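Please keep the sequence and the model in view while reading.

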Amino acid sequence: MNAHDSERIKGMLEELGLGEAPELEQADVMVFNTCTIREKAESRLAAHLGLAKTLKDADPERLLAVGGCFAEVRRERLFEQYPQVDFAFGPGSIAALGEWLAAERNGGASGSFGTGAERRFAAELPARRERPFQAWVQISMGCNSVCSYCIVPTVRGKQMSRSPGEILAEVGRLAGDGVREITLLGQNVNSYGRDLPVDERFGFAELLRACDRVEGIERIRFTSPHPKDFRDDVIAAMAECDSVCEHAHLPAQSGSSRILKTMRRTYDRERFLALAADMRAAIPDLALTTDLIAGFPGETDEDFEQTLSLVEEVGFDGAYTFVYSPRYSTEAASLPSQVPEEVKRERIERLIELVQSVAEKKNRSRIGSIEQVLVEGSSRTDPSLLRGRTRRNTTVNFAGAARAGELANVRVEDATSTTLRGAQVVPSPA
Ligand code: 5AD
Ligand code: SF4
């Protein structure tokens with residue numbers, strides 16, 4: 001979601017005539033879009049703002065703005081902590097940055113924190129996309145869940161779904177612009193539409209089907225679904241829609257039903273396993289990836305073992321793994337029995353090792369198969385190879401002659417835990 005918001009910030013600044021500087025040192029307006037989901041994001045920001053301060057000291061005409069979730073959660077205190085900041089804005093008020101900059105040019109703006117009267121979808125702003133053939137499509141903002149570790153509902157507010165008409169108009173425009181792959185974005189995509197007015201009710205399954213009908217869109221992805229809301233109608237839509245990719249990122253967070261309960265995830269291990277099995281039964285070749293947290297308060301060795309065994313039992317194709325990080329004003333931050341740092345470290349290392357070995361096994365099982373790859377550019381490590389992603393969302397480096405934005409058929413020859421390697425087989429679909 002932050003990557004999407006950053007694209008909108010860039011697009012808005014470009015409309016104001018501000019092009020992207022190649023280096024921070026050369027920018028006369030410095031904008032940081034921040035995250036606050038874990039403490040690490042905040043410590044990185046401190047370093048960036050330190051550099052920005054040095055640049056501002058050398059040239060006080062430079063403007064410094066800080067947006068995103070950290071700005072939202074700190075609000076006015078941000079200016080006490082970082083007096084070098086000229087303007088701050090939350091994730092629901094990106095447009096306020098544009099208004100402030102425009103006013104600043106007309107002889108000085110007033111105010112230092114932009115909120116705007118109402119939250120607005122970042123998607124209403126122009127975007128500057130990283131690649132011409134791929135696009136994020138925001139379908140909702142905010143989240144109605146109350147996961148006890150998570151700060152997102154505090155900073156991004158309650159769920160608000162975008163109207164299906166607006167979403168589909170955007171998808172149509174994108175297709176006309178040459179976009180072939182879209183990723184539908186929301187904090188909990190499967191609860192999409194539940195807050196729409198009754199006469200406009202439209203669910204996530206219907207949205208998938210409607211996007212699938214848009215000519216030119218060949219791949220549809222979405223992130224992230226909440227397992228509690230993953231219903232059969234969505235599984236059926238995934239199975240039936242040709243453009244919907246055979247991949248679901250399904251955050252499990254923990255494999256222990258006891259911990260899932262204190263996390264307030266509202267499903268248990270058995271339900272998660274049943275969901276994964278139902279999805280796999282309906283969607284052949286489905287790739288499943290997940291998010292996992294190690295060291296949640298009260299997590300015992302036994303609970304943690306359950307997370308390890310979940311990874312093996314589901315056979316995740318990949319996982320983002322996180323050390324639990326206490327966040328301001330969340331329920332879990334004030335739970336007793338916080339897990340000591342060294343235990344968290346030890347657990348995350350074991351978890352990463354297992355995730356990698358399971359993912360490598362899964363990837364190796366693809367050796368010999370032919371995968372459809374959307375070419376994204378050249379390989380990051382070997383410029384003589386191309387790089388792209390399969391429908392199952394695995395990165396492939398391969399020898400071939402396709403251009404970025406094209407689909408290529410690639411025979412898989414080798415695999416690591418995160419990437420495949422192969423060679424293009426000709427002919428490929430256009
Ligand atoms: N500590 C660690 N990980 C967290 N996440 C969310 N909040 C926290 C936290 N306080 C993880 C969850 C979520 C992902 C986006 O970030 O796994 O799915
Ligand atoms: Fe956070 Fe839970 Fe909402 Fe995801 S579903 S954004 S983890 S509160």
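Buried residues, meaning those under 20% relative accessible area with a 1.4 Å probe and protein chains only, make up 53% of the 430 residues in the protein chain. The model is predicted: local features need pLDDT of at least 70, side-chain atom pairs count only at pLDDT 80 or more, and totals for chains, interfaces and linings use all residues. Residues are numbered from 1 along each chain as its sequence is written, chains are lettered from A and ligands numbered from 1 in the order in which they are written, and side-chain values use heavy atoms, with hydrogens and water left out.

The protein chain has 13 helices and 17 strands, taken as DSSP runs (H or I, at least four residues; E, at least two) and numbered from the N terminus. Its C-alpha atoms fill a box of roughly 65 × 55 × 50 Å along the principal axes. Of the contacts (heavy atoms within 4.5 Å) between residues at least 6 apart in sequence, 71% join residues at least 24 apart.

Most residues other than glycine have a negative phi, and most peptide bonds are trans. Between Thr 223 and Ser 224, however, the peptide bond is cis, with omega near -10 degrees. Ser 224 lies in the loop between strand S9 (219-223) and helix H9 (232-240).

Asp 285, although not a glycine, has a positive phi of about 70 degrees; the loop that holds Asp 285 runs between helix H11 (269-282) and strand S11 (287-294). Ser 329, likewise not a glycine, has a positive phi of about 60 degrees.

Conventions
Buried < 20%, exposed > 50% of the residue type's maximum accessible area, 1.4 Å probe, protein only.
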